[in-house]
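Good morning, and thank you for coming. Please look at the sequence and the structure on the screen while I speak.

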Amino acid sequence: MDYMEQALSLAKLALGQVSPNPAVGAVVVRNDVVAGQGYTQPPGLWHAEVLALKQAGDQARGGTMYVTLEPCCHYGRTPPCSQAIIAAGITEIHLAMLDANPLVSGRGKDELEREGIKVYVGEHEAEAIQINEAYTKFITTGMPFVTVKFAVSLDGKIATKSGDSKWISGGEARRYVHNLRYATDAIMAGVNTVLVDDPQLTARCVVAREGQPGSSRSG
């Protein structure tokens with residue numbers, strides 16, 4: 001079983017719900033059995049590693065942890081995850097990527113290694129980087145990560161001249177847009193779009209078939 005892949009799946013559950021913190025997933029394994037798992041909760045609540053350790057309980061001692069991002073090693077709204085990992089008796093940890101946060105970057109890894117924990121970095125790194133690309137952009141530059149969404153025809157138009165067209169994109173694309181909305185902190189629309197389309201600007205990730213209640217409009 002690919003435990004890091006499982007941790008990445010957990011991390012995706014936190015997307016859009018934990019900003020400005022990163023979306024992280026963690027899995028604790030003992031004797032080839034998953035003993036605990038967790039993903040980041042909203043700010044002020046537990047991080048992925050602590051939740052996984054709490055679920056694992058005594059089974060964490062002597063176990064292996066798979067986590068999608070280097071554990072924090074500083075005090076914020078919650079205590080450092082690195083200390084929780086050490087106290088739980090984890091003996092080996094796999095990190096998909098290091099944290100770009102200057103308060104953490106490499107320090108969490110070093111702290112774990114100083115306590116005799118074997119640390120491996122880079123497993124499924126590309127996917128982990130993609131999950132937290134918005135977090136990484138913000139934490140390193142102070143600037144937001146902006147996603148631009150638009151649908152155009154082959155001749156570069158977004159609607160007919162009369163403005164009576166309904167959709168250029170298909171159902172699959174519109175469902176994908178709602179997933180993007182769910183994972184972002186804010187949505188921006190032009191004033192003409194607001195006046196003409198009266199969009200809901202909500203994230204409707206569970207979309208019914210087109211033409212049925214709950215199906216996606218342009219907004």
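Glu113 and Lys109 are 4 residues apart in helix α4, so about one helical turn separates them. Their side chains meet in a salt bridge, with 3.2 Å from N to O; the term requires a side-chain nitrogen of Lys or Arg within 4 Å of a carboxyl oxygen of Asp or Glu. Glu113 is partly exposed at a relative accessible area of 34% (buried is under 20%, exposed over 50%, partly exposed in between, with a 1.4 Å probe and protein chains only).

This is a predicted model, in which local features need pLDDT of at least 70, side-chain atom pairs count only at pLDDT 80 or more, and totals for chains, interfaces and linings use all residues. Residues are numbered from 1 along each chain as its sequence is written, and side-chain values use heavy atoms, leaving out hydrogens and water.

How many salt bridges are there by this rule? The count is 2. Glu127 forms one with Lys12, the closest N and O atoms being 3.0 Å apart. Glu127 lies in helix α5 and Lys12 in helix α1, so this pair ties together parts 115 residues apart in sequence.

Let us return to helix α4, residues 107–114. Together with strands β4 and β5, helix α4 makes a right-handed β-α-β unit: with the strands pointing away from the viewer, the path from the first strand over the helix to the second runs clockwise. Helices (H or I, at least four residues) and strands (E, at least two) are DSSP runs, numbered from the N terminus. β4 and β5 pair in the parallel sense over 4 bridges, where pairing requires at least two bridges found by DSSP. Tyr120 in β5 is the bridge partner of His94.
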